[in-house]
Amino acid sequence: MASVSTNIAANAASAAARGPKPRRTFSSRNIMLYGTLMIMSLYYLLPLWVMMMTSLKGMPEIRLGNIFAPPVEITFEPWVKAWSTACTGLNCDGLSRGFWNSVQITVPSVIISIIVASVNGYALVNWKFKGSEVFFTILIFGSFIPYQIMLYPMVILLRELGLYGSLGGLVLVHTIFGMPILTLLFRNYFSSLPEELFKAARVDGAGFWGIYLRIMLPMSLPMFVVALILQVTGIWNDFLFGVVFTKPEIYPMTVQLNNIVNSVQGVKEYNVNMAATMLTGLVPLFIYFASGKLFVRGIAAGAVKG
Amino acid sequence: MRERPFFHPEWGAGWYGGKAMATATRRGRIFRNLNAKIAALPMIFTTLVVFVGGTLWTVFYSFTDSKLLPRERFVGFDQYERLWGSSLWVTSIQNIMFFGAMSLVFTIVMGFVLAALMDQKIRFEDTFRTIMLYPFALSFVVTGLVWQWILNPDLGIQHVVREMGWTTFNFDPMNNPDTVLYGLLIAGLWQGTGFTMVLMLSGLRGIDEDIWKAVKVDGIPTWKAYLFVIIPMMRPVFITVLVLAAAGIIRLYDLVVAQTSGGPGISSQVPAMYVYRYMFSAQNLGQGFAASTMMLLSVLIVLIPWAYLEFGGKKRG
């Protein structure tokens, strides 16, 4: 908050240099500027508002009322139902099953993929071997190839390993397909560290793993947080791999959500649907709001050099 | 920037050996940095087996008549002929082209305009950014389902406006084959434009203050400065946005599955859904392989010119 006053000072100075007239709070420029931003903010906020409000209403109120209006009578019934009794096909144990599946998928996938990718990045920067750059180039190209072309070979591979349709298989898939972006992230970060650190440790007799564990790892904790944010949201939000590589009992939350909401049988309960949607969005939203600027840094670091 | 690594394997094991020495050196080369090589095995496996191997495998089997299981009975380009003769595939391609073109234009225009607005040293910048970016954290499934509900003709926006007195108001993109893609577009832009804005904003912030001062001294109007000075300077950012958006569009799948399931009829089908249908439910693998090969081809058409510009240019510079 301390920066606010300096900001205003900077504003005043630059406005004098930039704008044709000294600016007033309600100049037409400001009205246009903030007006446009507010209208755009409405577009972005509307779905969250509607989702929230709908999930807190009873069905009769939804049928009569206005989707934008706040509930007259707040009820948490839809949330309870979405979590514990909503049906997908024959199963009526709600989204909780999908939630725990997603947890079981996300936790090991995030840990393994980050470990593998950070070691990759480290090897690519400090221990180049013949062909290492070629592998890296293929890896980056691979991140642009449509997953569809690798789906079936992946199915065969998992079947051969006896992992097809299991949580372990999906963890492997996430590790493989998360590798390009994460490796890039770590490679770029490690190559920005001073080389002398590595040299000094080498002179002191530290080996590959010693340098990684004692020097690189402690020095790159911020990058690990960024990778964590990137992976938790990415894997939690995955739909395609969940559909292709698992079976109904272990469907991740996104797949189960889609099955609940888009099921053809039964009366549509929009409030339960929205509560379920909200529940599925809560984990990434929590990560987003808790991580603040690191989220921006994470996605930008992952994307810009793509 | 570091030019070369401290320990380069080629420094020790040189090129000076004769034939007898060559085997010894090669052996030495394999065992040098052995730990690093072991550590890189997952990466080597992923690139060679999954990315390269998997891609070649699928392309190879797209020339067979594989049905339930892959088999090596070659039929030449039959699968491709059937593919392009299928109205489902042709519709999917038309849809993705239309959606893609609209999506690229709107993503870039909205992303840039928002970034330019955000760059006016505004107050509450963090709040605005948080609001614009949060949809990007949500999955396409959540995005699709929320917009499906908001665009619901009986209870959503259309209903609300009609209740307010405008009884002939019509806004039902999801149930009309001609407009369903706009419904998807509204949802897709909601999810992704915040991210484009962030990329563009970082590009704008990277532009030297002196440029702006020079522009002011020359008396160039702001809009002209953006159009003819700033945008050309931001070329790398625009290319990044373009490549990322294009890669995302070709992959478009979850959003459509959640929001429209490809309907009404087949009017919002996309190639990724065609691939899934033939590979995993219609049990006609050959068609699925041919379709996914076409998807790869379309990515290469985008990717190769970009890689050429990006990396070919760097070598010259």
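Author: The C-alpha centres of domain 1 of chain A and domain 2 of chain A lie 33 Å apart, the domain bounds being those of an automatic or database domain assignment. Domain 1 of chain A covers 3–79 and domain 2 covers 96–304. Their contact takes 10 residues from domain 1 of chain A and 8 residues from domain 2 of chain A, where two residues are in contact if their C-beta atoms, placed from the backbone, lie within 7 Å. On the side of domain 1 of chain A that touches domain 2, helix H2 (28–55), helix H3 (59–64) and H4 of chain A each supply at least two residues; helices (H or I, at least four residues) and strands (E, at least two) are DSSP runs, numbered from the N terminus. H2(A) gives the most to that side, with 4 residues. By class, that side of domain 1 of chain A has 6 nonpolar, 3 polar and 1 charged residues; Ala, Val, Leu, Ile, Met, Phe, Trp, Tyr, Cys and Pro count as nonpolar, Asp, Glu, Lys and Arg as charged, and the others, Gly among them, as polar.

The model is a predicted one, in which local features need pLDDT of at least 70 and side-chain atom pairs count only at pLDDT 80 or more, whereas totals for chains, interfaces and linings use all residues. Residues are numbered from 1 along each chain as its sequence is written, and chains are lettered from A, with ligands numbered from 1, in the order in which they are written.

Chain A has 15 helices and 0 strands. Of its 306 residues, 43% are buried, a residue being buried if 20 or more other C-beta atoms, placed from the backbone, lie within 10 Å of its own, exposed if 12 or fewer, and partly exposed in between. Among contacts in chain A between residues at least 6 apart in sequence, 72% join residues at least 24 apart. A:Ser28 is placed in helix H2 of chain A, and A:Ser28 counts as exposed because there are 9 C-beta neighbours inside 10 Å. Between the C-alpha atoms of A:Ser28 and A:Thr137, which are 109 residues apart along the chain, the separation is 51 Å.

Helix H4 (residues 77–84) of chain A also packs with helix H14 (residues 270–291) of chain A, at an angle of about 65° and with axes 8 Å apart; axes are lines fitted to C-alpha atoms, for helices over the stretch in contact, and angles run from 0 to 180 degrees between N-to-C directions. That angle makes H4(A) roughly perpendicular to H14(A), given that angles under 35 degrees count as roughly parallel, over 145 as roughly antiparallel, 65 to 115 as roughly perpendicular and the rest as oblique. The crossing of H4(A) and H14(A) is right-handed; a crossing is left-handed if the near helix is turned anticlockwise from the far one by less than a right angle, and right-handed if clockwise. In this contact A:Pro78, A:Trp79, A:Lys81, A:Ala82 and A:Trp83 in H4(A) meet A:Asn271, A:Val272, A:Ala275, A:Ala276 and A:Leu279 in H14(A). The residues there divide into 8 nonpolar, 1 polar and 1 charged.

In chain B, 14 residues of domain 1 are in contact with 13 residues of domain 2. H4(B) gives the most to the side of domain 1 of chain B that touches domain 2 of chain B, with 4 residues, and that side divides into 6 nonpolar, 5 polar and 3 charged residues.

Between the chains, 82 residues of chain B are in contact with 83 residues of chain A. Helix H4 (residues 41–61) of chain B supplies the largest share of the side of chain B that touches chain A, 13 residues, and the residues of that side divide into 55 nonpolar, 18 polar and 9 charged.

Within chain B, helix H7 (residues 125–137) and helix H10 (residues 180–205) pack at an angle of about 120°, with their axes 7 Å apart, and H7(B) and H10(B) are therefore oblique to each other. The crossing of H7(B) and H10(B) is left-handed.
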